[in-house]
Amino acid sequence: MTYSNLLSDQQADINLARDLRDACEDISVAWTDPRLAKVLRLRLLGDSGFPFLDVSYITGELNDGRVVNVINPFGQLPKRGYKKAIIAQAKRDKVFAKGLGVFDAISLEI
């Protein structure tokens, strides 16, 4: 990957985040809410040398098409095995994470 490609990827990520923020209704729902059709973005941030990822925000779409904030059920996730931790939390909450598109919506920055 070239430096210019990296910059354009970062700008695309910034633009998507801004668009989601602007489109977001001023409501929040739990990921267990039956109205939640899919997760649009699960933003994970980490620092090198620190073993956990912070969940910055989660944005989702309701069945009626409204874009909303999704209440964070995780807090922090381990860097190693964060997908496994998401699945474990989903099982506890009786949520089908893959069906909500959680794994396709992950944006990871370390």
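The entries below go from the sheet to the core and then to one helix.

**Entry 1: what I have.** I reminded myself that this is a predicted model.

**Entry 2: E2 and E3.** I began with strand E2 (36-46) and strand E3 (52-62). They run antiparallel and are joined by nine bridges. I looked up two positions across this pairing: Leu44 stands opposite Val55, and Leu42 has Ile58 as its bridge partner. The hairpin between the two strands has five residues, and I found Gly49 there with a positive phi near 90°.

**Entry 3: the other partners of E3.** I followed E3 onwards to E4 and found three bridges, again in an antiparallel pairing. Glu61 is bridged to Val67 of E4. This hairpin has four residues between its strands, and Gly65 takes a positive phi near 95°. E3 also pairs with E5, antiparallel and over three bridges. There I noted Phe52 with Pro78 as its bridge partner.

**Entry 4: the parallel pairing.** Next I checked E2 against E6. These strands run parallel, with four bridges between them. Arg43 has its bridge partner in E6, namely Ser107.

**Entry 5: the core.** Which residues touch the most other members of the largest nonpolar core? I found Trp31, Leu42, Leu44, Phe74, Ile86 and Val102, out of 23 residues in that core. Then I asked which elements each supply at least two residues of the core. E2, E3, strand E4 (67-70) and helix H2 (82-93) each do. As background, I jotted down that nonpolar side chains tend to be buried together in soluble globular proteins.

**Entry 6: Phe74 and Trp31.** Beyond its neighbours within four places in sequence, Phe74 is in contact with Trp31, Leu42, Val55, Ile58, Ile86 and Gln89. Trp31 is buried too, with a relative accessible area of 7%.

I then went through the aromatic pairs, and the count comes to two. One of them is Trp31 with Phe74, edge-to-face, at 5.2 Å centre to centre and 75° between the planes. What does this pair tie together? Trp31 is in the loop between strand E1 (24-29) and E2, while Phe74 is in the loop between E4 and E5, so the pair links parts that are 43 residues apart in sequence.

**Entry 7: helix H2.** I did a quick length check here.

Which residues of H2 are buried? They are Tyr82, Ile86, Gln89 and Ala90. Looking down the axis of H2, I saw its buried residues fall within an arc of 105°, so they line one face of the helix. The general rule behind this is that an α-helix has 3.6 residues a turn, so residues three or four places apart point the same way.

I also asked where the buried residues of H2 pack. They pack against E2, E3, strand E5 (76-78) and strand E6 (106-109). On the face of H2 turned away from its buried side I found the exposed residues Lys84, Lys91 and Arg92. Last, I looked just after H2, where Lys94 takes a positive phi of about 60°.

Note on methods
Residues are numbered from 1 along each chain as its sequence is written. This is a predicted model: local features need pLDDT of at least 70, side-chain atom pairs count only at pLDDT 80 or more; totals for chains, interfaces and linings use all residues. Side-chain values use heavy atoms; hydrogens and water are left out. A nonpolar core is a set of buried Ala, Val, Leu, Ile, Met, Phe, Trp, Tyr and Cys residues joined through side-chain atoms within 4.5 Å. Buried means under 20% relative accessible area, exposed over 50%, partly exposed in between (1.4 Å probe, protein chains only). Contact means heavy atoms within 4.5 Å. The arc is that of the directions from the helix axis to the C-beta atoms. Two strands pair if DSSP finds at least two bridges between them. Rings of Phe, Tyr and Trp (its six-membered ring) pair if their centres lie within 6.5 Å; planes under 30 degrees apart count as stacked, over 60 as edge-to-face and the rest as tilted.
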